Structure formats: C-alpha cells, structure tokens
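This briefing goes through a few local features, grouped by topic. Please look over the sequence and the structure before reading on.

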Amino acid sequence: MNFFIETIGCQMNVNDSDKISDYLVNHGCLKTTDMAKADLVILNTCSVRFSAEHKAYSLLGRIKEHKDVNPNLIVGVVGCMAQHAYKEIKRRCKFVDFVLGAKNIDNFSQIIGKYVPFEYSFKKQTSENVFRYVTIMRGCSNFCSYCIVPFVRGPEISINCGEICDSVKQAVDSGVKEIILLGQNVNSYNDNGINFTKLLRQVSKIDNLKRIRFMTNHPKDFSEELIDEIAGNDKICRHIHLPMQSGSDNILKAMNRKYTYGQYKSLFERIKTKIPEINITSDVIIGFPGETERDFSDTFKASQDLKFGGLFIFKYSPRPNTSAYKLKDDVTLNVKKQRHTLLLEDSNEISKALNGRYIGKTVDVLVEKYENKVCEGRNSQNLKIFFDSDKNYTGEIVRVSVTRALANSLSGKMIL
Ligand code: SAH
Ligand code: SF4
Ligand code: F3S
C-alpha cells in the first residue's frame with residue numbers, strides 16, 4: 001500500500017506526521033510523493049491563521065479529484081484544524097473517510113486499523129534523517145489572546161524526562177545526529193521539578209548526539225540559568241527563536257504576552273552578552289486589533305534596534321474561541337499588507353547584513369542532504385549552507401569557508 005502525507009503548520013505537526021509515516025512504514029506501507037499513486041492520503045492540518053485553513057480546503061479539493069478517479073482511495077484529515085473544524089470538514093468534504101484531531105493523534109493506529117487491517121509489523125532500524133524532532137511538551141496553557149493553539153492542542157503537559165531521554169537515545173542509535181526538542185513554550189517545562197535547563201543537561205549527556213536545538217521559547221519564562229547552560233554547553237546550538245510578537249507595550253498587553261518591550265530587550269541583551277555568537281530569530285504579528293501607526297512604528301524600531309538574524313512576520317488573523325476574536329479586526333488588509341512589506345524589506349536587509357559577517361569565516365556544517373553534487377546543511381546558528389562537493393557528506397559535520405551570504409542562507413567551499 002502506498003501512502004501520501006501532506007503537512008501544513010509548525011514543527012509539532014511535522015513531528016506528528018513523522019510518527020504517522022513511521023507507523024505506516026513499520027507496517028509495510030510505502031511512502032510516495034505522488035498523490036496519484038497513493039492508496040491512502042493523509043492531510044495534517046493547521047489552524048493558526050485563516051490562510052492555513054484555506055490551504056487545507058484547497059488541497060482537499062485536489063484530493064477529491066483523485067478520489068473521483070480512484071473511489072478506493074482512503075482519505076484522512078488529521079491535526080489542529082481537524083480538531084477545531086471537525087464538523088465543518090465532515091460537512092464540506094463528504095469524501096473524507098476519517099477526521100482525527102491533534103489532541104487524539106496518538107489514536108492514529110486504531111483509526112487506520114479500521115480501514116487497513118495490517119497483518120504484520122516490523123521495526124525500521126535506520127533513520128533517513130540527520131535530525132529528529134522530539135516532543136517534550138504537549139499543548140499550551142498561555143492563552144496569548146490571538147492564539148488558537150491552546151484550544152486545538154489542549155493544556156500544557158510536560159513529558160517524562162526519562163521517556164524523552166529514551167526517545168533521544170533511540171534516535172541517536174538509529175543514526176540521528178541532531179535532536180530538536182519541541183514544545184509551545186519549552187521554558188516552562190517541568191517534570192516533577194526537572195526544569196528545562198536540567199532536561200537539557202540530561203539530554204546532552206547522551207553519547208554520539210552531536211547537536212541539540214529547541215523551540216519555541218517564551219520570553220516571560222526564559223531563565224538566567226538557561227542562558228548560562230547554553231553558554232557553557234557545546235552540544236547546544238547557538239540559535240534561539242524568541243518570539244517578540246510586538247514592540248509596543250500596549251499591544252503586548254492586549255496580546256496577554258506578560259512582558260514589556262523593555263523586559264524583552266533586556267533578556268535579548270543578556271543572552272547576547274553571555275553568548276556573543278548566538279543567532280536570535282523572532283516572530284511578530286502585525287495588524288493586531290487596535291494597532292496604531294505608533295504601535296507599528298515601535299515594532300519597526302524594535303526590529304532595527306535588536307537586529308534579528310531572521311524575523312517571521314505574520315498578518316493578524318482572527319481565530320475563533322480566542323479572546324481577541326471578540327475585538328474588532330480594525331486594521332484593514334491594505335494597511336496590514338503595507339506594514340508587512342515595510343517591515344519585511346527592512347528586516348531582510350538586517351538579516352542579510354548580519355549574515356554578511358560570516359563571509360571569509362569558517363563554519364561547522366552538519367550536512368543534511370546531497371543533491372546534484374551540492375551538499376546542504378546548517379551551522380550551529382541554524383543558517384542553511386550550501387557547498388559544491390563530489391562526495392556525499394550527509395550526517396557528517398564538515399568545515400566550510402563562507403563565500404556568499406543571503407537573507408536566509410550562506411554558501412561556501414568545504415575545507416578538507
Ligand atoms: N508557541 C509559539 C508559537 C506558536 S504559533 C510561541 O509562543 O511563540 C507561531 C506564530 O504564529 C506565533 O509566534 C505568532 O507570531 C503567529 N500567530 C499565532 N496566532 C496568530 C494569529 N491569530 N494571527 C497571526 N499570527 C499568529
Ligand atoms: Fe500560542 Fe502563546 Fe501558546 Fe505560543 S505561547 S502557542 S503564541 S498561546
Ligand atoms: Fe502548529 Fe498550526 Fe497546530 S502552528 S500547533 S500546527 S495550529
């Protein structure tokens with residue numbers, strides 16, 4: 001049986017899709033990248049913005065065309081939108097066989113068992129990937145006023161530290177070199193007194209694990225102890241994704257982020273002082289209800305002042321159930337687009353200039369892919385790096401001298 005899986009959304013969803021794929025492969029299914037060749041199509045959905053839901057419905061339109069040709073095709077919709085728009089999907093897409101929300105994703109094997117009675121199972125021994133996501137926390141209890149995640153993923157739960165270490169060991173034994181620990185706010189991890197810093201210490205003791213990354217951080221819970229741990233622990237990569245969301249105190253308050261811009265800036269600077277080689281990236285939302293020119297200009301100035309290595313800018317999208325949903329979405333789409341373009345152009349210039357500092361320097365690259373005689377990997381700061389090579393170095397850390405910098409990537413020559 002061939003299966004096709006498409007993932008919309010964040011790393012949490014990518015991780016869930018990986019688990020589903022592993023399960024299917026371990027039961028003798030073959031993964032295909034051609035939907036026309038599939039007997040089973042799974043769409044893993046996201047609800048964070050309206051555009052993500054729109055994308056899911058248009059993909060469902062394409063999936064329906066395949067089902068019209070092949071009525072035996074099994075179609076499953078899973079993930080965050082499946083959680084919150086369960087009824088609407090059932091109503092609008094009668095051809096869908098099953099809908100499984102993010103909160104119940106662990107029941108996938110039972111659901112799929114109703115459609116495909118697998119007769120055998122075997123364990124895949126080697127991993128195809130150089131890195132693997134390991135979920136350390138489920139859900140979120142922060143209730144930022146714009147965000148649907150707490151509603152579709154449920155309350156924050158920390159996974160047992162021993163279980164996490166076992167997953168990491170298993171991954172490393174199967175060839176994984178880098179682990180990316182995932183949670184909506186990893187800084188509030190707490191397993192009976194084991195906090196995130198202690199968890200990092202435990203995970204970094206695992207032999208043959210080369211690199212550790214984690215995401216996402218919430219500025220309100222990022223501790224001094226954690227900064228010190230990162231500074232002193234070579235296995236932890238020099239990249240922190242630290243969503244700011246806005247540079248305006250009024251908007252931060254309305255967003256229920258529980259910090260001011262001043263507190264954010266102070267944290268940012270403390271991290272930079274203790275770990276000078278760190279790359280800090282961020283998220284902002286523009287056009288939150290009530291965002292004035294002044295508020296936007298505070299965000300714009302913050303971006304110029306702090307100089308992020310990369311900035312992800314999202315146009316505010318009202319989400320059902322959230323507390324901001326009751327507020328009037330009063331920044332017009334035109335204004336949102338203008339602000340988006342202004343900030344994007346400026347922040348890209350900043351990131352490009354920062355990346356320019358790598359030109360002429362040597363960086364360690366963990367190679368993830370080899371295609372058309374080009375190796376692709378990332379440095380510790382999470383910048384993508386490309387270099388020409390006659391040999392496939394996938395899974396190895398090699399030294400590369402950087403010759404060119406763009407806003408999101410670098411290229412260079414390998415040093416033998
Ligand atoms: N837990 C993570 C992020 C989850 S969602 C955190 O707290 O940082 C990823 C990003 O999507 C958020 O950082 C935010 O910038 C953006 N986002 C979330 N809800 C949104 C909404 N309703 N409209 C626009 N952007 C949104
Ligand atoms: Fe959403 Fe806030 Fe939780 Fe992040 S911390 S998932 S933005 S509610
Ligand atoms: Fe992630 Fe989207 Fe769900 S951002 S947690 S897949 S709503």
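**Two helices in contact**

In H7, Cys-161, Ile-164, Cys-165 and Val-168 meet Leu-199, Gln-202 and Val-203 of H8; contact requires C-beta atoms, placed from the backbone, within 7 Å. The model is predicted: local features need pLDDT of at least 70, side-chain atom pairs count only at pLDDT 80 or more, and totals for chains, interfaces and linings use all residues. Residues are numbered from 1 along each chain as its sequence is written, while chains are lettered from A and ligands numbered from 1 in the order in which they are written.

**H7 and H8**
- The contact of H7 with H8 has 6 nonpolar, 1 polar and no charged residues (Ala, Val, Leu, Ile, Met, Phe, Trp, Tyr, Cys and Pro count as nonpolar, Asp, Glu, Lys and Arg as charged, and the others, Gly among them, as polar).
- Helices are DSSP runs (H or I, at least four residues), numbered from the N terminus.
- H7 spans residues 161-173 and H8 residues 196-204, and the two pack at an angle of about 35 degrees with axes 10 Å apart (axes are lines fitted to C-alpha atoms over the stretch in contact, and angles run from 0 to 180 degrees between N-to-C directions).

**Ligand 2**
- Residues around ligand 2 (C-beta atom, placed from the backbone, within 6 Å) include Cys-140, Phe-143, Gln-184 and His-218.
- The shell of ligand 2 has 6 nonpolar, 4 polar and no charged residues.

**Lys-352**
- Lys-352 lies in helix H13, residues 333-356.
- Leu-410 is 58 residues from Lys-352 in sequence and 9.7 Å away in space, C-alpha to C-alpha.
- Not counting residues up to four places away in sequence, Lys-352 touches Ala-405, Leu-406 and Ala-407.
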